[in-house]
Amino acid sequence: MAPEILKLERYDYKVDVFSIGSILYTLFSGKLLIEYAHNSIRQNKNPKPNYAALEERGLSDDAIDFLKGCLKVTTNLRLSVKEALTHRWFKVNI
């Protein structure tokens, strides 16, 4: 669930981008993002998932960059749907 929903704030379509990042993180890592997220989100910080573990599993730099863009706590820093769809990792893997 996106940070703005957890904090009962107004939200827009970018909640879906966060959800996509969360789902992909879980699929790639085998761990729930929530294990990292709750305390960070409450402090307005980005979750600190273990991206190094994803690198060790062979996830590309582009894929990790995509995840980081989707998982930004600050909405205006998070990827938009258009940015996500045109991200270099997503375009290569269609």
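Entry one, salt bridges. I started with D62 and R88, whose side chains meet in a salt bridge at 2.6 Å, N to O. For the record, a salt bridge here is a side-chain nitrogen of Lys or Arg within 4 Å of a carboxyl oxygen of Asp or Glu. D62 lies in helix α5 and R88 in helix α7 (residues 88-92), so the pair ties together parts that are 26 residues apart in sequence. Helices are DSSP runs of H or I with at least four residues, numbered from the N terminus.

A note on what I'm looking at: this is a predicted model, where local features need pLDDT of at least 70 and side-chain atom pairs count only at pLDDT 80 or more, while totals for chains, interfaces and linings use all residues. Residues are numbered from 1 along each chain as its sequence is written, and side-chain values use heavy atoms, with hydrogens and water left out.

Next I checked exposure. Buried means under 20% relative accessible area, exposed means over 50%, and partly exposed is in between (1.4 Å probe, protein chains only). D62 comes out partly exposed at 28%, and R88 is partly exposed too, at 46%.

R88 also has a salt bridge to D65, at 3.3 Å from N to O. That pair links distant parts of the chain, with R88 in helix α7 and D65 in helix α5, 23 residues apart. Through shared partners, D62, D65 and R88 join into one network. I have D65 down as partly exposed, at 33% relative accessibility.

How many salt bridges does the structure hold? I get three. One of them pairs R78 with E4, the closest N and O atoms being 2.8 Å apart. R78 lies in the loop between α5 (61-70) and α6 (81-85) and E4 in helix α1 (residues 3-6), so this pair ties together parts 74 residues apart in sequence. Both R78 and E4 are buried.

Entry two, the core. I looked up the largest nonpolar core and found 19 residues in it; Y51, L54, L59, F66, L67 and L79 have the most contacts inside. Such a core is a set of buried Ala, Val, Leu, Ile, Met, Phe, Trp, Tyr and Cys residues joined through side-chain atoms within 4.5 Å. The elements giving two or more residues to this core are α2 (14-29), α4 (51-56) and α5.

Last, I picked out Y51. Leaving aside neighbours within four places in sequence, Y51 is in contact (heavy atoms within 4.5 Å) with I64, L67, K68 and L71.
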